[in-house]
Amino acid sequence: MPPGRKALDADEVCIALVGNPNAGKTTLFNALTGLRAKTANFPGTTIERRVGHTRLAEHRVKLLDLPGLYSLASITPEERLAREVLLGQQAQQSQPQGIILLLDATTLERNLYLASQVLELGLPTVAALNMVDLAERSSIEIDLEKLEAELGCPVVPVVARSGRGLDILRQHLERMIDPAGSSLARTSSEPFCDCSGCPYKARYDWAEEVGARCINGRTTAHGVKTDRIDAVLTHRWVGVAAFLSVMFAVFALIFWVAQYPMDWIDAGFGYVGSVVGRWVPPGDFRSLLVDGVIGGVGGVLVFLPQICILFFFLALLEDTGYLARAAFVMDRLMRRVGLPGKAFVPILSAHACAIPAIMSTRVIEDRRDRLVTILVLPLFSCSARIPVYTMITALLFPYRPVLAGLVFTGAYTLGIVAALIMALVFKRSILPGESRPLVLELPSYKLPSLRTALLMTLDRAKIFVKRAGTIILAVSILLWFLASYPRSEPPAAALALQVEAQELVSAGQSDSASALEEEAAQLTAQGRLAQSLAGRAGRAIEPILRPLGFDWQIGIGILSSFAAREVIVSTLAVVYGVGESAVEEDPTSLYDSLRASMRSDGTPVFTTATSVSLLIFYVLAMQCLSTQAVTRRETNSWKWPMFQLLYMTVLAYTVTLVVYQVLRTWTPG
Amino acid sequence: MDHLEISASDQAARSADLGDRVPLDQIEIGHCARVTEVDASEADVEQLMAMGVCVGRRIMLMQTGDPMILKVLGTRIGVSARLARHVKVQPCLGDMFGEG
């Protein structure tokens, strides 16, 4: 950071937003800061730190969104962190000059518990009493003047969702940070209650007393509607069926809606590639740009629509209050294998892509639970495997959609079963213990906010694109390098074809000439890949792969697909000499030529046994450097991504070996 | 942490209560009960206490099973049975609402 920028940051007034989970904190934060909020982690943690700016009449204020809390008692890492930030003990995060204390008017007494702890810190504070519209509808009447007197700070009624009361809140913030007006905000740090006994009891006694003095009518919303819906959605069996239906609907939408933008992105990158191909002279640089950079990054960015749609629906479901119910229902089932109920969100995401899934394990507070979840997530079939599954089903059952569908279902099921078994294995071995017992608020159902969902989607999309532009870009360039160097001369057969083509051109038969040239180009690409570092590596690992039914060409495919799994399709196209352009124009040409490819002894390469074993290998193997990078970031150590690579490779190898050896004996070639 | 073992000595709370102290999961659905004892020997129980399941509060069992659903201070909380066993309650008269 340049020194000038730092000075400006230090001058800026920073206000922290503190409140219970489900009190509408994200909605208020978004309403105050708009689109330009930045999401990152608190240094050295995986706790999200959201910072935005809001304009007051005379100041521009930095707003820091702290994680949702029930107390400041340092039980969870979030609470410890929030406490440190508010006390100014967090390195690289200056102490905020003021606090917006968010209170939910429909559950005021419970919110007052955190309020008493926050106010005792002695920082200038303004309380925002949110959801006053819902409170009014439930006949909860809160006497604001009495509440202000009890808390010793201004209380502003707001409706974060509609923006009601935000202007008044801004005026109070202005007065709070203005030294002349700071008398309005509570600055003493007298305790609210005698907390020498049970601290929880004393504070809640105080909260109930304040509630009794300040609230007329009901103290809390009765929530008859929520109770009725819950009778169905949290029911032991109906709840599970409802959850599966919701999950299926979200999935169907992801795959159905996303295919259009995915095609556009794919076409877009194809277009950019061809334009670059036209403008940059042929050679290594063009190959780097077209095959390495554009091809590699495009191959990952194509999943952006799926990720956006997934997070959009997850945000909507979370906002309605349904996600908490889903976690509640799933907890019963998933606890048996040592996974917490909350792991189902990451598992759902993992079927699109393991990267956002591992990012979303942050909803799981417990470290053991989180680690187990992260370790098994790449076993769920992500959408990068779809092109591979498509290719193999086409090899196994060409033109038989029902059987192909069964193969697909089988591959997905194998992934799920393997993940559950491995979770159980980890529970019994390296990560012993029960999953964290459930304590989860089930908030009242409400209509979701589209704005919140869209902002959340935008946020996740930004993180994903940034990742594609940095680490995935680097990985793509590395693999391109491995597949391109050292350079080798075109094989003699290719040179002969070129000479022949030249002769045809001079004879005026340009059509036949270009066909020959293409053939020569294919042979050259094939030879080049075979001689490259990746090709040599493929040969080097062939003895290990042979018992699985793979030859060195498939070995190159496996190695190259560490950039992205679907890369094996284009790699096989090159090594078996179909030509990459042919794959795009007519995929069946690839499948036909793969089916026809022979080993040097004249037996076909893709027998039933080899095809099935390749499928199983791709279901189970950890072949995604990007996922590894995310695991490293989320666990803060290289140990876990290494372990993930190791156990998945061993698992994939063993299962594939057994299946291939059994199938080879039982099926005809 | 040493103050958390609470005996049921809160006379004000006790006067309105009926019956014996029972584990949380043994009260009837829809009935109100007052918390008399919380054994915080397990760390996760503290999270439950921070959400309001602590001595003196009135709670209501909304759904049995594991996890179960409680209502405390107007909020529904899903709680695993393992944690609920650490909470002892005394059934009390009236429902949770209307009496401030």
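User: In chain B, what share of the contacts with a separation of 6 or more comes from residues 24 or more positions apart?

Analyst: This is a predicted model, so read every value as computed from that prediction. In chain B, 62% of the contacts with a separation of 6 or more are between residues 24 or more positions apart. Of the 100 residues of chain B, 49% count as buried.

User: Which secondary structure does chain B have, and in what pattern along the sequence?

Analyst: Chain B has three helices and six strands. Along the sequence they follow the pattern α-β-β-α-β-β-β-α-β.

User: How do I read the pairing around strand 6 of chain B, and is the strand buried or exposed?

Analyst: General idea first. Strands of a sheet pair through backbone hydrogen bonds, either parallel or antiparallel. Now the case here. Strand 6 of chain B covers residues 87-91, and four of its five residues are buried, so the strand is largely enclosed by the rest of the structure. Strand 1 (residues 22-23) of chain B runs antiparallel to strand 6 of chain B, with two bridges. In that pairing Pro23(B) stands opposite Lys88(B). Strand 2 (residues 32-38) of chain B is also antiparallel to strand 6 of chain B, joined by five bridges. There Ala33(B) stands opposite Pro91(B).

User: How many residues of chain A are in contact with chain B?

Analyst: The size of an interface is often given as the accessible area lost when the parts come together. Here we count residues instead. On chain A, 32 residues are in contact with 32 residues of chain B. Helix 4 (108-119), helix 8 (199-214), helix 13 (322-334) and strand 10 (439-442) of chain A each give two or more residues to that side. Helix 8 of chain A gives the largest share, five residues. By class, the chain A side has 14 nonpolar, eight polar and ten charged residues.

User: Which strand of chain B pairs with strand 10 of chain A?

Analyst: Strand 5 (residues 75-79) of chain B does, in the antiparallel sense, over four bridges.

User: How do I read the order of a sheet, taking the seven strands of chain A?

Analyst: Read the order across the sheet, strand by strand. In chain A the seven strands form an open sheet in the order 2-3-4-1-5-6-8, with mixed pairing. Strand 2 (38-41) and strand 8 (155-157) of chain A are the edges, each pairing on one side only. Neighbouring strands are turned by 25° against each other on average, direction ignored.

User: Is Pro154(A) buried or exposed?

Analyst: Count the neighbours. The cut-off for buried is 20 or more other C-beta atoms within 10 Å. Pro154(A) has 21 C-beta neighbours inside 10 Å, so it counts as buried.

User: Which strands of chain A does helix 2 lie across?

Analyst: Helix 2 (residues 25-33) of chain A lies across strand 1 (13-19), strand 3 (48-55), strand 4 (60-65), strand 5 (98-104) and strand 6 of chain A. Helix 2 runs at about 40° to strand 3 of chain A.

User: How do helix 22 and helix 23 of chain A pack?

Analyst: Two packed helices are described by the angle between their axes and the distance between the axes. For helix 22 (residues 533-545) and helix 23 (residues 552-560) of chain A, the angle is about 115° and the axes are 7 Å apart. That makes the two helices roughly perpendicular. Helix 22 of chain A passes helix 23 of chain A in a right-handed crossing. Among the contact residues are Ala534(A) and Ile541(A) in helix 22 of chain A, and Trp552(A) and Leu559(A) in helix 23 of chain A. By class, this contact has eight nonpolar, five polar and two charged residues.

User: How many residues of helix 28 of chain A are buried?

Analyst: Eight of the eleven residues of helix 28 (residues 625-635) of chain A are buried, and the helix is mostly covered. The buried set includes Leu625(A), Val630(A) and Glu634(A). Next comes Asn636(A), with a positive phi near 60°.

Terms used
Residues numbered from 1 in each chain as written. Chains lettered and ligands numbered in written order. Predicted model: local features only at pLDDT ≥ 70, side-chain atom pairs only at ≥ 80, totals over all residues. Axes fitted to C-alpha atoms, helices over the stretch in contact; angles between N-to-C directions. Parallel < 35°, antiparallel > 145°, perpendicular 65-115°, else oblique. Left-handed = near helix turned anticlockwise from the far one by under 90°. Contact = placed C-beta atoms within 7 Å. Nonpolar A, V, L, I, M, F, W, Y, C, P; charged D, E, K, R; others polar. Pairing = 2+ DSSP bridges. Buried ≥ 20, exposed ≤ 12 C-beta atoms within 10 Å, placed from the backbone.
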